[in-house]
Amino acid sequence: MMRIREHLDEVKGTGKYIDDLELPGTVFLGVVRSPFARAKVLDVSRSDRVLTFLDWRSVSTYMPVRPDPRSKNVVKMPVLSDGKVNFVGQPVIAFVVKDRYEVEDVIDEVGVDYSQEKPVISILDSIKEEIKIHEKGNIAIDLNLSGGDLDQLVNSDVTVERELTQDRVVQHPMEPKGVIANYDGNVLTVIGSFQSAFRVRSDLQEALGIPPERIVVYSPPNVGGGFGNKVSAYAEYVLASLASIKLGRPVKWIETRREHLTNPTQGRGVYSKVRLHAKSDGTILGLEGTIAVDLGAYAFTLNTSTPSFISSLLNGPYRMRFAKIRALGVYTNKPPTGPYRGAGRPEAALITETLIEDLAERLNVSPVEIRKRNFIDGEFVTPLGVRIDKAGYKELFERAEKVYYSMKERHKGKPISFIAFTEVVRSSPGEGAKVRVGKGEVYVAVGSGPHGQAHKTTFAVLASEVLGVNPEVIRIEVNNTLLIKEGIGSFGSRSAAAGGSAVIEAARLVLEKIRSKGLTVEQAINSDETFEAEVFSKSPDLYTPGVHIAVLDVDKETGQAKVLEYYAIDDVGRPIIESEVEGQLIGGILQGASQVLFERAPYDDLGNPLFSSIADNGVPTAVEAVRRVFTEYVSTPSQTLSGARGVGEAGTTGALPAVFIALEKALGKKLSGTPYALP
C-alpha cells in the first residue's frame, strides 16, 4: 500500500493548524454580532480596554461577490453593519485586544441598541415580497431557462410532480475558520485555513483596494476540512487585515464553534416544484417547474449562481428532450448560503431522482428498468446546453444492475433504492503548477488548497511518473500565492483532474529541458543548474457518473431510520490513489445520508437559530453513521492529462437521493423534503 505522507503528522498529533501558529507581537480580533435577524443599529457603547475599534465608518467596504451576470438585484454584505443588520450573527463592531481571553469580556462590555424589525424567514414568504429586506426587493435573480424541443410537451402521456424543501445545513469541518493577518508596512501577509489562497487574495484585493503583488496568502501545513466553507474570504479576514494595517502588528482571529454556526456560509436551502413529462412507454420527455434558492441576507461569493446551476443539472444521466425551468434566488434574514459539499449537485439529483422514482411507480415499471430505458450512453448535450463528456455509462449501469438484484436477494423484504446521477467536476479553467529539478531536489508547487485529500502524495505520484524518480524524494508545496503566478484552488472535485494535469504538463516541460542538455533526471537533480517550468494548464469541465444503492430499515417502535448497507459504483476516471478515492466516496456518502436522516439548521419565525451546537444540527456520531459502505468503480480516463475525474462530491450527490428514496419505501409514503422528521 502506498504511504500517504499527509497521514503521519495527523496520526502523531504533530500537525500544524492555523491556531498553532504564533507570530511575535500577535494581538487578537473580536467581533460583536447581531442578536437580531433584522434591525436598525441605533447606538453603540465602547470599551476602554481595546487597542482599536473598527466600525462601518472606519471600514466602509463590502464583501466581494462573483454573481451570476444575469442577477437583477445584487446586494453585497457590508464588512461591518452599515446601520442595519439582516441576520443573527452579522458583524456589527470589531475590536482588537492583547490577550485572546479578553475577547469575550469586551464583547460583554460593548453595548448596542437596536430597533428590531420583522424578518423574512422562508423562501416562499420572500417571493411574496410583503416585506422587502432590501430597497429593490427580495429577489436577486429570476431566470426563465428553457431549451431543447419544447414541442415535445404535446406528446406527454404521463406527468408526475414533486414539491420539495431541502432545509439548510451548517458545514462542519473539524477545524473552524481562522486567519492571521500581518502587515509589514508594504506587504500584507495573510495565513489561514483556506481551500483557495488565490481566491482569498483576490477577495482581499477587492475589499481592501490593495494591489495583488502586495498581498501574500497561504495556508499552514494542515487545514482541517472545508466542504466549500473555506474557499472565499470572509468579513473577519478583511477586519483582521485592516486592524493589522492600522496597528502594524499581526492580528489573529480564530472562529469559535458558536460563531461558525451562524456565520456565512451555510449550505442547501432549496425549494423546488418540478414536473416530469413522459410517454406511456416510459420514455422521458423533459422537465418543467421552479427552483428557488434561499441566498440568505446578502449576495455572497457564488450564491446567486446556485439557482441556474441546480437547474442545469436536473437532466441527470438521462436522454431528456426539453427543459423549462424558472430559477430564482431570494434574500431572507438568515446567514448567506454558499457551496457545501456537492454545491447544487446533490440538490439536483434529489429533485430528478424522486421524479424518476414516481414515474416508475405510476407506470408500474421497475426503478431499474425506467432508468435503463432512458440512460445516456456517453456524450450528450442536455436541453439546457450542458455538454456531458464520454464516460463508462453502460458498464456502470450493467454492474450496478447485478449488484441491485443480488442485494434484493440478500435483504428480502427490506426497502432498497436504485438511483443514478452524473455530476459536474469543475476542473475549468485549469490550475497552475511549477516543477523544478536541480541542486539536490525535485520540487513541485501547485495552486490547489488541500484540506484532507492527500494532494501532496497525489501530486508527487504524478510528477514521479513523468520524471522517473521515487515520489518520496519529491518536495511538494501547495496553496501559496508566492509560489506560482496563477492558481485556482480546491473545490468542485477538481484537484486531481486540474491540479494533477498541471503537474504533469510542467514535469514534461522540465523533462524536455533536461534531455535537451543530454542529461538524465538523476544527473539533473545532482547538478548545480536548475531546470524549471511553470504552467497554467487549462482543463474542461468533466462529468462523473454513478449508480448508488441503499438498503434501509425503520425501527417500528422508535421511528428511527438506519441505513443497513450502501453500495456505490462510480466512474472515477483514473484512480491515482485508490484508498483516497474510497475515502472520499465514503465520506461524501455519510454526509448525504446524514442530510436525509439528521441534519438541519432550523430558525424560528423571528430568525433566531434553534441550535447552539453541532449536536443541535443533527450531525451524527459514529454510532448513528452508515457503517456498511461498499465502493466499486469503473475507470474511463478523462480527457485531462491526469486521466482523473473528481470524486469529492460524488458520494454526497448519490447518497442524498439514494437514502431519501429508500426511506420513502420504508415508510410507505412520500416525503416533502429533508431532513426526515420522526413521527
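I take helix axes as lines fitted to C-alpha atoms over the stretch in contact, with angles between N-to-C directions running from 0 to 180 degrees. The model I am examining is predicted.

**Entry 1: a helix pair.** I looked up helix α10 (residues 367-374) and helix α11 (residues 393-410), whose axes come within 11 Å and cross at roughly 175°. Angles over 145 degrees count as roughly antiparallel, so I record α10 as roughly antiparallel to α11. I then listed the residues that meet: Pro 367, Val 368, Arg 371 and Lys 372 from α10, and Phe 397, Glu 401, Tyr 404 and Tyr 405 from α11. Sorted by class, this contact holds five nonpolar and three charged residues, with no polar ones.

**Entry 2: the sheet.** I traced an open sheet of seven strands with mixed pairing, in the order β3-β5-β1-β12-β9-β10-β11. The edges are β3 (52-54) and β11 (215-218); each has a single partner strand, so one side of each lacks a neighbour in the sheet. From one strand to the next, I note an average twist of 20°.

Entry 3: I examined β1 (residues 27-33) and β5 (residues 91-97), which run antiparallel and are joined by six bridges. For Val 32, I found Ile 93 of β5 as the bridge partner.

**Entry 4: helices on the sheet.** I found helix α5 (residues 197-208) packed on the sheet, where α5 touches β10 (188-192) and β11. The direction of α5 makes about 145° with that of β11. Helix α6 (residues 235-247) also packs on the sheet, and I list its contacts as β1, β3, β5, β9 (178-183), β10 and β12 (251-254). The direction of α6 makes about 25° with that of β9.

Definitions and conventions
Residues numbered from 1 in each chain as written. Predicted model: local features only at pLDDT ≥ 70, side-chain atom pairs only at ≥ 80, totals over all residues. Heavy atoms only, no water. Pairing = 2+ DSSP bridges. Helix = DSSP H or I, 4+ residues; strand = E, 2+ residues; numbered from the N terminus. Contact = heavy atoms within 4.5 Å. Parallel < 35°, antiparallel > 145°, perpendicular 65-115°, else oblique. Nonpolar A, V, L, I, M, F, W, Y, C, P; charged D, E, K, R; others polar.
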